[in-house]
Amino acid sequence: MIEKPKQTFGRNCSLWIIGTLLVIVCAGGIMLLAKRLRSGASTGNGTSVTVNVTQPSSAGAAAQDDKYKIGVELSDGQSQPETASAIPPAAGEPLSPEETALLLSRLPALPLDSGRQTEFNFPPEVLPPPRSGNKIEESFPPAEAESNLGVVVNAGPLQVARFAPEGEIPIAPFVSVTFNQPMVPLGTLSDLAALDVPVKIEPPLQGTWRWLGTKTLTFEYDSALIDRLPKATEYRVTVPAGVKSAAGEVLAEAVSWTFKTPPPKIVAMHPSDSPQPLEPIFFILFDQRIEPAAVLKTIDVRAGNQPVNIVLAEQSEIDKDDGASQLAKNAPEGRWLAFRASQPLHVETNVSITVGPETPSAEGPLKTTE
């Protein structure tokens with residue numbers, strides 16, 4: 001009865017000793033891990049881990065569940081910059097020609113392989129040289145067909161198919177008349193210029209008549225100043241009766257029409273509605289060439305409802321005015337005028353400028369042909 005308790009006590013002691021050893025080994029491993037983690041070990045994603053281990057308590061068997069406590073704390077890791085030591089560049093000097101030749105002399109000579117040498121590889125077929133063609137001694141177009149080229153047989157009565165320009169237009173680059181059948185045989189421009197022109201323009205202008213093909217006749221104004229017909233003029237174009245076509249047909253009735261180019265229009269004025277000195281320079285820009293002296297007579301200037309005598313400004317006076325001088329430099333030649341009052345204006349006086357409706361133009365006198 002007494003030996004059995006002794007055996008039980010001995011077995012319990014052995015188990016207790018073994019358990020104690022296991023606990024000591026585990027605690028040592030945990031402490032070693034915690035020490036390594038505290039030393040700055042970091043996880044692969046840049047976050048450091050700190051493990052806190054609590055020593056076993058001596059509260060007895062009743063507190064066996066709370067003997068060991070492990071706390072884990074996560075925080076952002078900091079990368080340690082790697083300092084790379086700069087390698088100083090090696091100092092060197094270029095080889096002299098003698099040293100270079102000595103170095104190359106150590107290389108073995110290149111073998112000459114006669115089997116790899118070939119003649120120039122010509123293509124299998126060489127293109128033959130171009131052959132010259134037959135020379136034709138005949139003229140083009142044939143002389144016998146020149147007089148009949150462009151002639152329409154049985155074309156019907158001769159008529160004016162269309163014409164331009166017509167009515168009131170802003171600009172007239174040229175005059176054109178088109179007939180319903182050929183008027184001249186096809187030939188060179190010099191041949192056509194010698195023919196009589198079957199169209200009349202009033203007032204008469206210096207210019208060039210030219211056939212475009214055999215049916216359309218055009219007129220271009222000859223001038224070194226403008227590349228269009230003069231403005232401020234009313235024109236009448238007439239195709240007289242009796243004009244014959246190349247086929248012999250006759251125009252039964254005369255055809256006439258009119259067109260009118262506009263008078264001068266103001267494009268810009270200076271000065272604007274702002275305070276000015278007592279002797280301002282007035283500047284007016286038009287859309288066509290003008291005669292400054294003639295236009296000045298149509299301008300009415302009033303200061304405080306009182307008429308003001310004006311005169312054309314001298315170039316030296318224009319140069320002293322910043323606004324007028326800049327406009328004069330940028331304006332086309334012959335399309336502007338600058339003027340001033342013959343006497344200084346009064347202080348705080350409103351000035352009004354009126355340009356007459358029939359402003360004379362240097363291009364045309366605004367003629368009426370009717």
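Which residues does valine 175 touch, not counting residues up to four places away in sequence?

## The model and its overall make-up

This is a predicted model. The chain has 370 residues, and 24% of them count as buried. Seven helices and 17 strands make up its list of elements.

The accessible surface of the chain comes to about 27,400 Å². Carbon and sulfur atoms hold 56% of that surface. Now take the contacts in the chain with a separation of 6 or more: residues 24 or more positions apart account for 64% of them.

Valine 175 touches Ala164, Pro165, Ile201, Leu217, Thr218, Phe219, Leu229, Val237, Trp257 and Phe259, leaving aside residues up to four places away in sequence.

Valine 175 also belongs to the largest nonpolar core, which has 22 residues. Val175, Val177, Phe179, Val237, Val239, Trp257 and Phe259 touch the most other members of this core. Strand E5 (175-179), strand E8 (216-221), E9 and E10 each give two or more residues to the core. A second core of 16 residues is separate. Its members include Ile284, Leu296, Val308 and Val355.

## Aromatic pairs

A pair of aromatic rings is described by the distance of the centres and the angle of the planes. The model has six aromatic pairs. One of them joins tyrosine 235 and phenylalanine 259. Their ring centres are 5.0 Å apart, with 20° between the planes. Planes under 30 degrees apart count as stacked, so this pair is stacked. Tyrosine 235 sits in strand E9 (residues 234-239) and phenylalanine 259 in strand E10 (residues 255-260). The two residues are 24 residues apart, so the pair links distant parts of the chain. Tyrosine 235 has a relative accessible area of 0%, so it is buried. Phenylalanine 259 is buried too, at 1% relative accessibility.

Phenylalanine 283 and tryptophan 336 form another stacked pair, at 5.3 Å centre to centre and 25° between the planes. Phenylalanine 283 lies in strand E12 (residues 282-286), and tryptophan 336 lies in strand E16 (residues 336-341). The pair therefore ties together parts that are 53 residues apart in sequence. Phenylalanine 283 counts as buried because its relative accessibility is 0%.

## Salt bridges

How many salt bridges does the count come to? The count is six. In one of them, the side chains of arginine 228 and glutamate 363 meet at 2.9 Å, N to O. Arginine 228 is in the loop between E8 and E9, while glutamate 363 is in the segment after strand E17 (351-355). They are 135 residues apart. Both arginine 228 and glutamate 363 are buried.

Glutamate 317 forms a salt bridge with arginine 340, with the closest N and O atoms 3.0 Å apart. This pair links helix H6 (residues 315-320) and strand E16, and its residues are 23 residues apart. Glutamate 317 is partly exposed at 24%, and arginine 340 is partly exposed at 25%. Lysine 200 and glutamate 202 also form a salt bridge, at 3.3 Å, N to O. Lysine 200 is partly exposed at 49%, as is glutamate 202 at 29%.

## Out on the surface

Trp16, Ile17, Leu21 and Ile24 form a nonpolar patch on the surface. Together they have about 470 Å² of accessible area. Tryptophan 16 is found in helix H1 (residues 3-38). Is tryptophan 16 buried or exposed? Tryptophan 16 counts as exposed because its relative accessibility is 62%.

Note on methods: Residues are numbered from 1 along each chain as its sequence is written. This is a predicted model: local features need pLDDT of at least 70, side-chain atom pairs count only at pLDDT 80 or more; totals for chains, interfaces and linings use all residues. Side-chain values use heavy atoms; hydrogens and water are left out. Rings of Phe, Tyr and Trp (its six-membered ring) pair if their centres lie within 6.5 Å; planes under 30 degrees apart count as stacked, over 60 as edge-to-face and the rest as tilted. Helices (H or I, at least four residues) and strands (E, at least two) are DSSP runs, numbered from the N terminus. Buried means under 20% relative accessible area, exposed over 50%, partly exposed in between (1.4 Å probe, protein chains only). A nonpolar core is a set of buried Ala, Val, Leu, Ile, Met, Phe, Trp, Tyr and Cys residues joined through side-chain atoms within 4.5 Å. Contact means heavy atoms within 4.5 Å. Patches are made of residues with over 30% relative accessible area and no salt bridge: like charges are joined within 9 Å, nonpolar side chains (Val, Leu, Ile, Met, Phe, Trp, Tyr) within 5 Å. Accessible areas come from the Shrake-Rupley method with a 1.4 Å probe; for residues, only the protein chains shown count as cover. A salt bridge is a side-chain nitrogen of Lys or Arg within 4 Å of a carboxyl oxygen of Asp or Glu.
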